[in-house]
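Please keep the sequence and the model in view while reading.

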Amino acid sequence: MKPINVGLLGIGTVGGGTYTVLKRNAEEITRRAGRPIRITTVADKNLELARSVAAGDEVKLSDDAFAVVADPEVDIVVELIGGYGIARELVLKAIENGKHVVTANKALLAVHGNEIFAAAQKKGVMVAFEAAVAGGIPIIKALREGLSANRIQWLAGIINGTTNFILSEMRDKGLPFAEVLKEAQALGYAEADPTFDIEGVDAAHKATIMSAIAFGIPMQFDKAYVEGITKLQAVDIAYAEQLGYRIKLLGIARRRDEGVELRVHPTLIPEKRLIANVEGAMNAVLVQGDAVGATLYYGKGAGAEPTASAVIADLVDVTRLHTADPEHRVPHLAFQPDQMQDVAVLPIDEVVTSYYLRLRVEDKPGVLADITRILADSQISIDAMIQKEPAEGEAQTDIIMLTHQTVEKNANAAIAKIEALPVVQGKVTRLRLENL
Ligand SMILES: NC(=O)C1=CN([C@@H]2O[C@H](COP(=O)(O)OP(=O)(O)OC[C@H]3O[C@@H](n4cnc5c(N)ncnc54)[C@H](OP(=O)(O)O)[C@@H]3O)[C@@H](O)[C@H]2O)C=CC1
Ligand SMILES: N[C@@H](CC=O)C(=O)O
Ligand code: NA
């Protein structure tokens, strides 16, 4: 059977893993795809690296990625360079030249996906992106195919391996943030710019992509609420544990009557939940469908071979569908542009969630009563509370409260009133809590 020809752009962590696994498992992959999948050309700025990975193989090596997307021999372009710049140009050029595209680039799709999918639709080519969300976990397949009978109500996931690794190592080994981040970079988990990981941007890219498939809406990364883990304090992780919760960086997309919530932030989760026990660079995504109920997908969300697993699964899919009638192919996000739902992404003020509040207060009678009155007046009920004795020689102490659900603007107003009390010192620390 005639092989399908692949041009690989970028042979770094994921590109290297893809090359290696495709070669190692060639026989099985050929059987599953129905024909051999052959990398004919590799383009990377770093030719030395490309030479070392492809040593001894019959593969063209180039430092000119544009030549690869223009090569008439290439059927599928695999973009593993990353970023929004050159990657966007290359992907659009590949589509213009009638090539199918496989990419792991969530940043590119979350920000320019609407443009890219429209171009691909016009040209009748496929853009596959399983590796872009939760690495090796087949979550895109689950949303597009396995759960296609369902109205998806919400999804929530640990979708950034770097931050989950940092939170786990800090908690288990008491290691400092900067040291663990360096380790995550050395292990190949982090983005080229690791602020994307730690500030929640990478997770928001992935949540944006999942929300589009789950709810049939366009990519709206610019409307997502994004908060990372850099402001998270060890003391709050410890208090949360005392109350029976773990803190995880969650990406959440929820359908509401008024619109869609799309948000990333550190979140308290009851420690008994499976997702609260997902550690290290592992990812997990919970999806709630109206027919199936809750489903959970777990696995490696980053790293060379786990991500390569998803890239190659897409290559197999594209190879299988290559000969199918393009008119009747399922669109990239599983809906046609004219079927997009006109549903607003809600501002963070309109989000409904529960809260963890930590206040530093003077140890005086009546303080707690003042605070609980403000919460009661705002119709916010308290679910659990810790009031610490002041440390030896101190006149101040911590009060920690968990609240029931309320609208965020209501919580903000109550927090502002609490902060204005003379007995409350400084800002209230506020984290969101989900009883998933
Ligand atoms: N690492 C992971 O675990 C995961 C990564 N991803 C995504 O996969 C993509 C690739 O990530 P990753 O493999 O980690 O990144 P790497 O930086 O390891 O690899 C990218 C490679 O592309 C090369 N490159 C850069 N610019 C060009 C260019 N203009 N032409 C040709 N080659 C170029 C780089 O060379 P040089 O180093 O010299 O710049 C490098 O070798 C990104 O979109 C990332 O978000 C997705 C899931 C998991
Ligand atoms: N930097 C990302 C890599 C995979 O998408 C992560 O840490 O999850
Ligand atoms: Na995936």
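## Overall fold

Of the contacts in the chain with a separation of 6 or more, 74% join residues 24 or more positions apart; two residues are in contact if their C-beta atoms, placed from the backbone, lie within 7 Å. The model is a predicted one, in which local features need pLDDT of at least 70 and side-chain atom pairs count only at pLDDT 80 or more, while totals for chains, interfaces and linings use all residues. Residues are numbered from 1 along each chain as its sequence is written, and chains are lettered from A and ligands numbered from 1 in the order in which they are written.

The chain has 15 helices and 17 strands, which are DSSP runs numbered from the N terminus (helices H or I, at least four residues; strands E, at least two). Its C-alpha atoms fill a box of roughly 80 × 45 × 35 Å along the principal axes.

## Burial and the nonpolar core

Buried residues form 48% of the 436 residues in the chain. A residue is buried if 20 or more other C-beta atoms lie within 10 Å of its own, exposed if 12 or fewer, and partly exposed in between, with C-beta atoms placed from the backbone.

The largest nonpolar core holds 143 residues, among which Leu-9, Leu-155, Ala-207, Met-210 and Val-311 touch the most other members. Helix α11 (residues 201-215) gives the most to this core, with 10 residues. Such a core is a set of buried Ala, Val, Leu, Ile, Met, Phe, Trp, Tyr and Cys residues joined through C-beta atoms within 7 Å. Leaving aside residues up to four places away in sequence, the contacts of Leu-9 include Ala-43, Val-68, Ile-81 and Leu-90.

## Helix α5

In helix α5 (residues 86-96), the buried residues are Ala-87, Leu-90, Val-91, Ala-94 and Ile-95. Seen down the helix axis, they fall within an arc of 135 degrees, so they line one face of α5; the arc is that of the directions from the helix axis to the C-beta atoms. These buried residues pack against β1 (4-9), α4 (65-70), β4 (76-79), β5 (100-103) and α6 (106-123). Just after α5, Gly-98 takes a positive phi of about 80 degrees.

Most residues other than glycine have a negative phi. Ala-134, in the loop between β6 (127-128) and α7 (139-146), has a positive phi of about 60 degrees. Ala-134 counts as buried, because 33 C-beta neighbours lie inside 10 Å.

Gln-379 also has a positive phi, near 60 degrees, and is placed in the loop between α14 (367-377) and β14 (382-387). Gln-379 counts as exposed, with 11 C-beta neighbours inside 10 Å.
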